[in-house]
Amino acid sequence: MFTEPLAEIYRKLRLYFYREVALQSSHNSLTFSESFCLEAIYSLGEPTINTFAQFMNISSPNATYKVNSLVQKGYLKKVRSAEDRREYHLVVTDKFSTFHEINTRGYEKTMERICHTFTEEELATLDQFMNRINDELVESPPV
C-alpha cells in the first residue's frame, strides 16, 4: 500500500531537514533555535514579524528579539512594507541563501536520479500524483 512508502519519504525528508538545521548551527554563529527560525522565515516567504510570531506561536517581543539577533548576525534583514509603512517584512540575506543552497544539494541529486531513472511517462504520472498529494496535504496553521 502507498501509505508505508509515503511515511518513509516523509520521515527521510524530516531527517534531512533536521540535519540541515543542525549543520547551519554547527557551521555558523547560529544557535539551533536561530537556524530553525531562519528556516521558518524562509519557508513563510518574507513574512512580517507578527506573521512569524503567530506561526511559531511565540509572543511578538520574543519574535522581535529573535529577528533582531538574526539581523545583527547578518542572516536576515527587515524591509519596510510598501503597503503599510509600520510593518516590516523579513527577508533572508545572501549569507543565509548561500549556506541554504549548499544544504539543498542532496535534494538536487535526488531529483537528478529520479529524472534519469524514470521514463517521461512515469515522470508525467509522478507529477500528476505529487500535485494531487500536495492538494490533499494538511493545511499549515493559519497565520
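This is a predicted model: local features need pLDDT of at least 70, side-chain atom pairs count only at pLDDT 80 or more; totals for chains, interfaces and linings use all residues.

Residues are numbered from 1 along each chain as its sequence is written, and side-chain values use heavy atoms, without hydrogens and water.

Confidence, then. pLDDT is the predictor's confidence in each residue, from 0 to 100. The chain mean is 87, and 96% of residues reach 70 or more.

Next, the pocket. A pocket here is an open set of points on a 1 Å grid over the protein atoms alone, where a 1.4 Å probe fits, with protein on both sides within 12 Å along at least five of seven lines; lining residues have an atom within 4 Å of a point. The largest pocket has a volume of about 2200 Å³. Its lining has 38 residues, with Ile 9, Tyr 10, Leu 13, Tyr 107 and Met 130 nearest the centre. The lining divides into 25 nonpolar, seven polar and six charged residues.

Last, salt bridges: a side-chain nitrogen of Lys or Arg within 4 Å of a carboxyl oxygen of Asp or Glu. The count is three. Arg 11 pairs with Glu 8 at 2.6 Å, N to O. Lys 73 pairs with Glu 34, their closest N and O atoms 2.8 Å apart. Those two residues are 39 apart in the chain. In the third, Asp 84 and Arg 86 have their closest N and O atoms 3.0 Å apart.

Key: Grid points are joined across faces, edges and corners, and a volume is the space filled by probe spheres set on the points. Ala, Val, Leu, Ile, Met, Phe, Trp, Tyr, Cys and Pro count as nonpolar, Asp, Glu, Lys and Arg as charged, and the others, Gly among them, as polar. Helices (H or I, at least four residues) and strands (E, at least two) are DSSP runs, numbered from the N terminus.
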